[in-house]
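User: I'm new to this one and would like to know where the labels come from. Could you walk me through them?

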Amino acid sequence: MSPLTPSHPLADTFGRFHHYLRISVTDRCNLRCRYCMPADGVPLVPKSDLLTFEEITQLVGWLAEAGVSKIRLTGGEPTVRKGLPDLLGQLKAIPGIRTLAMTSNGLLLGPVLDQLVENGLSQLNLSLDALSPAVFRTITRREGLENVLSVIDRALSLKELEVKVNMVVLRGVNDHEIPDMVSYFTKRRAELRFIEWMPFSGNEWTGDLLVSKSEILQRISQLEPIQPVGYSDAGTGTADQFILPESGLRIGIISSMTDHFCATCSRIRLTAEGMFKSCLFENSEIDLRTPLRAGATRHDILNLISRKIKEKKAAHGGMHMIAQNPGRPMVAIGG
């Protein structure tokens, strides 16, 4: 069935085809980033309720048959879950899966990085919100900056791995480090991505601390000229990309709040306990774990997924509306 067919299980009513599945493998994290997790933490899902690697592989196999071609593993922090390289290997073996990606804070990544790449990891996004140890500690509520910087350099040394570095920008907290980040990564191969702060339950979001895409671009342009490239992934990606011609540094800006990209969204999400979401900002979810464990067939599961995708709205309601009803903490959804 053509992806352009409205009745396709992964197509919504606005003509968007969802080929990109983000899977949270755990809701546990070894950092407490203020934009992601409430200060007091979150109730953790019992380990027996987490999808097993076999269940994840089964669901991905069915979705790959329907047209999903890119998988991103998230958390919490995905490397907290034991056996992660084994899961990568199982996913790599699924026909139709062309890209295996992961988002990590890097703290536990070093010992398993080579094995992850050997088992199919081709894209890695590493979170780095500050170069100053004090600011890093303020945002993450933990130590570990030197470890993260070391892992970034190690990842950049692997030529088969595409590396991006993500910085969530908070006014008065780390926005003064934008020039330092540009200077630091000008000397490295990573694409540097700036992310607008998004409202989620417990992260005390306020528009006053939001640094917009336009302001980020204005600040970068004071350092050197900036040239637009367009959105990543053939126009369906989340990052509006730019290049600094003088240094060659690639910049991406994820502006979910002030300049959203909902019209070309190709992403769907699976939480660690098997809840399916067709939009990061929607509060309604569909339970896939319960029917899967009760013996549901591929047809049953794809029907549930298709029904949810076809309920997807044209766009989210805007940052202030999201802030009024923010749903889960981000750590419980998956980054």
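Analyst: Angles run from 0 to 180 degrees between N-to-C directions, and axes are lines fitted to C-alpha atoms, for helices over the stretch in contact. Helix 5 (residues 145–156) lies across strand 4 and strand 5 (162–169), and runs at about 160° to strand 4. Helix 6 (residues 178–186) packs on the sheet too, touching strand 5, strand 6 (191–196), strand 8 and strand 9 (249–254). The direction of helix 6 makes about 160° with that of strand 6. Bear in mind that this is a predicted model: local features need pLDDT of at least 70, side-chain atom pairs count only at pLDDT 80 or more, and totals for chains, interfaces and linings use all residues. Residues are numbered from 1 along each chain as its sequence is written, and side-chain values use heavy atoms, with hydrogens and water left out.

User: Which residues of helix 1 and helix 2 meet?

Analyst: From helix 1, it's Phe53, Glu54, Ile56, Thr57 and Val60; from helix 2, Leu84, Leu87, Gln90 and Leu91. By class, that contact has six nonpolar, two polar and one charged residues.

User: Why is Asp175 called buried?

Analyst: Buried means under 20% relative accessible area (exposed is over 50%, partly exposed in between, using a 1.4 Å probe and protein chains only). Asp175 has 9% relative accessibility, so it counts as buried. You'll find Asp175 in the loop between strand 5 and helix 6. Beyond its neighbours within four places in sequence, Asp175 is in contact with Val169, Leu170, Val211 and Arg219.

User: And why is strand 4 described as largely enclosed?

Analyst: Four of the five residues of strand 4 (residues 123–127) are buried, so the rest of the structure largely encloses this strand.

User: How do you know that strand 3 and strand 4 pair?

Analyst: Two strands pair if DSSP finds at least two bridges between them. Strand 3 (residues 99–104) and strand 4 are joined by four bridges and run parallel. Thr103, for example, has Asn125 in strand 4 as its bridge partner.

User: What puts strand 7 and strand 12 at the edges of the sheet?

Analyst: The open sheet has 12 strands in the order 7-8-9-6-5-4-3-2-1-10-11-12, with mixed pairing. Strand 7 (227–231) and strand 12 (286–287) each have a single partner strand, so one side of each is left without a neighbour in the sheet.

Note on methods. Contact = heavy atoms within 4.5 Å. Helix = DSSP H or I, 4+ residues; strand = E, 2+ residues; numbered from the N terminus. Nonpolar A, V, L, I, M, F, W, Y, C, P; charged D, E, K, R; others polar.
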